[in-house]
Amino acid sequence: MPLVVSEIVHETPDIVSIRMRKADGSPLPAWQPGAHVDLQLITRHERQYSLCGDPRDTASYRIAVRREELSRGGSHYIHAFLRAGSTVWVRPPRNLFELGDASAYLLLAAGIGVTPILAMARHLASIGADWRMIVAARTPDGVAFADEIAALGERASVHVSGERGRLDLATVVGDIAPGTDVYACGPAAFTDALLTLAPTLPEGSGIHLERFEPRRREFGPDEPFTATAARSGVTVEVPASRSLRETLEGAGVAVTGSCLRGVCGSCAVPVLDGAVEHRDSLTVDDDARVMYACVSRAREGSALVLDI
Ligand code: FES
C-alpha cells in the first residue's frame, strides 16, 4: 500500500525515525509488538523494518533506519533523499518475533535493535507484566529514543559500552529467574553471543532473537538438487548457481521473497519430504518442516517435495 512520509526525526547522528500514514488518513492494518513491515522505495529497494511506534496508534506506522556504511541502497536513499511528503510502499505488518507467554521477560537490544524491543517494553509495561530492558550502545549519542526509554521507568536502562565496557551478557542472562523469556535484537555479534548462552538458561526459559543480519556460518559448496512443488505439479532441477526460490519462479511457481538473505521469513515453504540444509537465520530446529527458499537447499543427495 502507498503511504506518505509524515515526519522524519534524527534520533541519533546515524538513526532517523520515519512516520508514515495513508494519504487519506484512514486507519492502517493493526500490528503487535515485534512486527515488521517490508518497505519499498521509489528506487525499488525493499527492506524490512521493525515497527517501533505505538500499536494503539492506527493512524501511523513508525520505523527507524540506521545509516549503513555498506548500504545496499535503501539506507543511503532514506538518509540522503527521503523527505516528509515522499511516498513509500509498505506491505502490511507481519510478526515473526511475537511475544509469547512467560512469567517474566528480559528484553535486550543493541544499536538499532532497540526498535522492536521498545515496542515490546511499552506493551509489557501497559499490561503490568514483569519485565526488564537493557539497551546497549557504544556512545551516549548512539542511543535512539533515549527519552522514550527513560519514560519507561526504572525497569528500562541504557548501557553505554564506551563508558562502562562491553555489556556482560553472561551475567545479565545468568541473573534471570526460571520461566523468564529473553527477547533480543541487535547486530550478528550480539545475537550470536546470546545464542551461545542458551544452554545456561534456567528451566522454562528461552531466547527469542530478531536478526537484521544473517547468522555467520559456513556451508559446503552449492550443489544441484531436485525439488517438486507438489500442489503445482512442477518438478525443477535447481542448479548450483541458483536458489530454490529463483528456480521455482522461473518455472512459474511464485514464492514471495523480500530480504533474499534468509532473515525475514517471507519465502517460507512447507516441506513434505526430503532433507533440508537450513541456511537461513530463522530456523532453530534442523528438522523443521518449513524452509526458506531464498537461501536454504536440499542436503547432499536428497530431493525435496514441497507443499506449494
Ligand atoms: S526472502 Fe527473506 S527469508 Fe527468504
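This is a predicted model: local features need pLDDT of at least 70, side-chain atom pairs count only at pLDDT 80 or more; totals for chains, interfaces and linings use all residues.
View 1. On the side of domain 1 that touches domain 3, strand 3 and strand 4 (46-50) are the elements giving two or more residues. Strand 4 supplies the largest share, with three residues. Sort the residues of that side by type and you get no nonpolar, two polar and four charged.

**View 2. How domain 1 and domain 3 meet.** The chain splits into domain 1 (2-90), domain 2 (104-211) and domain 3 (225-306). Between the centres of domain 1 and domain 3, taken over C-alpha atoms, there are 30 Å. Six residues of domain 1 touch five residues of domain 3. Put together, the two bury about 410 Å², and carbon and sulfur atoms give 32% of that area.

View 3. His36 sits in strand 3 (residues 36-40). Is His36 buried or exposed? With a relative accessible area of 5%, His36 is buried. Skipping neighbours within four places in sequence, His36 has contacts that include Gln48, Tyr49, Ser50, Arg94 and Cys264.

**View 4. The Arg94 and Asp38 salt bridge.** Here Arg94 pairs up with Asp38, and their closest N and O atoms are 3.5 Å apart. Arg94 comes from the loop between strand 6 (87-90) and strand 7 (104-110) while Asp38 is in strand 3, so the pair ties together parts 56 residues apart in sequence. Asp38 is buried at 3% relative accessible area, whereas Arg94, at 24%, counts as partly exposed.

**View 5. Arg47 meets Glu68.** These two side chains form a salt bridge, 3.8 Å from N to O. Because Arg47 lies in strand 4 and Glu68 in the loop between strand 5 (61-66) and helix 1 (74-80), the pair links parts 21 residues apart in sequence. Arg47 counts as buried at 12% relative accessibility; Glu68, at 26%, is partly exposed.

**View 6. Asp222 with Arg279.** The closest N and O atoms of this salt bridge are 2.5 Å apart. Asp222 is in the loop between strand 11 (207-211) and strand 12 (225-229), and Arg279 in the loop between strand 15 (276-277) and strand 16 (290-292), so parts 57 residues apart in sequence are tied together. Asp222 is partly exposed at 35%, while Arg279 is buried at 16%.

Methods. Residues are numbered from 1 along each chain as its sequence is written. Side-chain values use heavy atoms; hydrogens and water are left out. Helices (H or I, at least four residues) and strands (E, at least two) are DSSP runs, numbered from the N terminus. Buried means under 20% relative accessible area, exposed over 50%, partly exposed in between (1.4 Å probe, protein chains only). Contact means heavy atoms within 4.5 Å. Domain bounds come from an automatic or database domain assignment. Buried area is the accessible area (1.4 Å probe) that two parts lose on being put together, summed over both. Ala, Val, Leu, Ile, Met, Phe, Trp, Tyr, Cys and Pro count as nonpolar, Asp, Glu, Lys and Arg as charged, and the others, Gly among them, as polar. A salt bridge is a side-chain nitrogen of Lys or Arg within 4 Å of a carboxyl oxygen of Asp or Glu.
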